[in-house]
Amino acid sequence: MTIYEVITVILLLVGCFFFLAGTLGVLRFPDLFSRLHALTKADNLGLGFIAAGMALHIASPWAAVKIFFIWFFTLLASSTSCYLIARFQREQDQPGKGKEDRE
Amino acid sequence: MSILIDGLLAILAIYLALQSLLAPRLSQSVFLFFAFGLALALAWVRLGAVDVAITEAAIAAGFLGVLFLDALRDFSSTISEKHNNTEAIQSSASRKKIKTFLLPRLAFGVGLGLFLLISLEAIWQIPQGGGLTAAAESMLPESGVEHPVTAVLLNFRAYDTWLEIGVILLGLLAIFVTGGIKIYTKPDVVAKDPLLRQVILFFTPVLFLFGAFLLYIGKSGPGGAFQAAVLWGAIGILLHLGGKPVFAMIPRWVGQLVLIMGLGFFLLMGFVFMSGGATLFEYPKAYAGTLILIVETLAAISIAAALTAIYANLNQMKEEPKENESAN
Amino acid sequence: MDVVFIIVSIFLLLNIALGLFRIWRGPTVADRLLTTQLFGTTGMAVLLVLAGYLQELTLLNVAITFNVLAILLVIGLFQVWKTRKERSDDNI
């Protein structure tokens, strides 16, 4: 095993840990907002670690750029969806309150 | 060892397919179907069919997802209006109702049995020696592209692809027929949320670029017109959801021209070369690559426009009865 | 090395399977949509790992396709359902 392989394995395992944390959070947390928090933070970090590990393993610059963009788009999409879902739910819970802010 | 992944994927896919049909609530079904699309895309990857995986990812994750959410909203309004507090009574009543419909169940069972028999027969008779793969591979240099799937879709079996574009257009026509054509009006929902606006502004060029990339890469690898079309269609849907309905903003004849462009150019080209002595959809060898790229681009634009129009129409058909009710 | 990739992919797939509980329990549409975000992210991770395991770089294109379309569902939910606030989610 070369040093790169060791680093790849470590990065993958750390990524798996964060994915497990995210899934457990989604399953166990009591309300939507804490679940959102658990999911959109932990899972993106996990994806980041796995992406870094795979970029190291594949070792091609073009693939590394693509993998970076995969992670970057996920960060953007995920944080936006976290915000939108939370806002959606708040408007469902308290009709009118979210509306005041927007208009 | 990798049989474990395949086994898990197979179990997941079949379980999700069953559950998305049998789930008691519609919202469960919709989101289980999304998970089913994901499992199916991964299964296609494991089977080595990356083209199909991209299509599955694009259609299941993007297009069908938003269509189903829209349908869910429609159903939820009917359900909450009609049976508000009578859920328990309703469910027991519907259970009794189902028991009386024995004949449809029997027919369904017989149909399912026949289908399974036919599938078994199909699996039994897998052609030895890879079927037509060798024939397709040997003709690859003459097709003008390097990727066998694209060669089959756009050159050897161009007739099928032409009909597929037609099927999507027919679906749109069916929606026109049921919903009326006066649909291209602006929705009153405009993206006032600053974050939503920014995200739509950011993802529109990204979707366009990646769609163009998939279209171009289809020449030499997995990708192609249909995958690009879903991504470009997603642009139209995003703009529609953000309060900028594309079809309401361009003149009507431009919209119609864009919708039929792919189908029309494909057919026109086929006839032009047929008049020169070739068979239908046979390309002259020297220009085959360029012509395929042009056909694919136009087809992708047409399909994208059709998908956008399908979503825009379905999304607004539901607004209408509500307005009528409030007017009454 | 391959064994590590296989174990990681199976682990991630099991994560997806666990997430199905949240789709079953709900209780709201937002919860279920949230779980599809989990599926999307985890599925992308599986695709990345498989891309390394199979040495097939075109799988990255599948991942990007998932990626750029994931936002569509959420914006769809947000914009399409915005007009209806009185409805209770539990009925559907």
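The model is predicted: local features need pLDDT of at least 70, side-chain atom pairs count only at pLDDT 80 or more, and totals for chains, interfaces and linings use all residues. Residues are numbered from 1 along each chain as its sequence is written, while chains are lettered from A and ligands numbered from 1 in the order in which they are written.

**Chain A.** Select chain A and display its secondary structure. The chain has four helices and zero strands, where helices (H or I, at least four residues) and strands (E, at least two) are DSSP runs numbered from the N terminus. Along the sequence the pattern reads α-α-α-α. The C-alpha atoms of chain A fill a box of roughly 60 × 30 × 10 Å along the principal axes. Its radius of gyration is 18 Å, whereas a compact globule of 103 residues would have one near 13 Å; the radius is taken over C-alpha atoms, and the globule rule is 2.2 Å times the number of residues to the power 0.38. Of the 103 residues of chain A, 46% count as buried, that is, with 20 or more other C-beta atoms, placed from the backbone, within 10 Å of their own.

**Helix α1 of chain A.** Next, select residues 3-28 of chain A. This helix has 26 residues and spans 37 Å from first C-alpha to last, close to the 38 Å expected at 1.5 Å a residue; the expected span is 1.5 Å times one less than the number of residues. Its buried residues include A:Leu11, A:Gly15, A:Phe19 and A:Val26.

**The largest nonpolar core.** Now select C:Leu48 and C:Val62, which touch the most other members of this 145-residue core. A nonpolar core is a set of buried Ala, Val, Leu, Ile, Met, Phe, Trp, Tyr and Cys residues joined through C-beta atoms within 7 Å. Helix α3 (residues 59-81) of chain C gives the most to the core, with 16 residues. Leaving aside neighbours within four places in sequence, C:Leu48 is in contact (C-beta atoms, placed from the backbone, within 7 Å) with A:Ile50, A:Ala51, A:Met54, A:Ile67 and C:Ala63.

**Chains C and B.** Finally, show chain B beside chain C. Here 44 residues of chain C are in contact with 56 residues of chain B. On the side of chain C that touches chain B, α3(C) gives the most, with 18 residues.

How values were computed
A residue is buried if 20 or more other C-beta atoms lie within 10 Å of its own, exposed if 12 or fewer, and partly exposed in between; C-beta atoms are placed from the backbone. Two residues are in contact if their C-beta atoms, placed from the backbone, lie within 7 Å.
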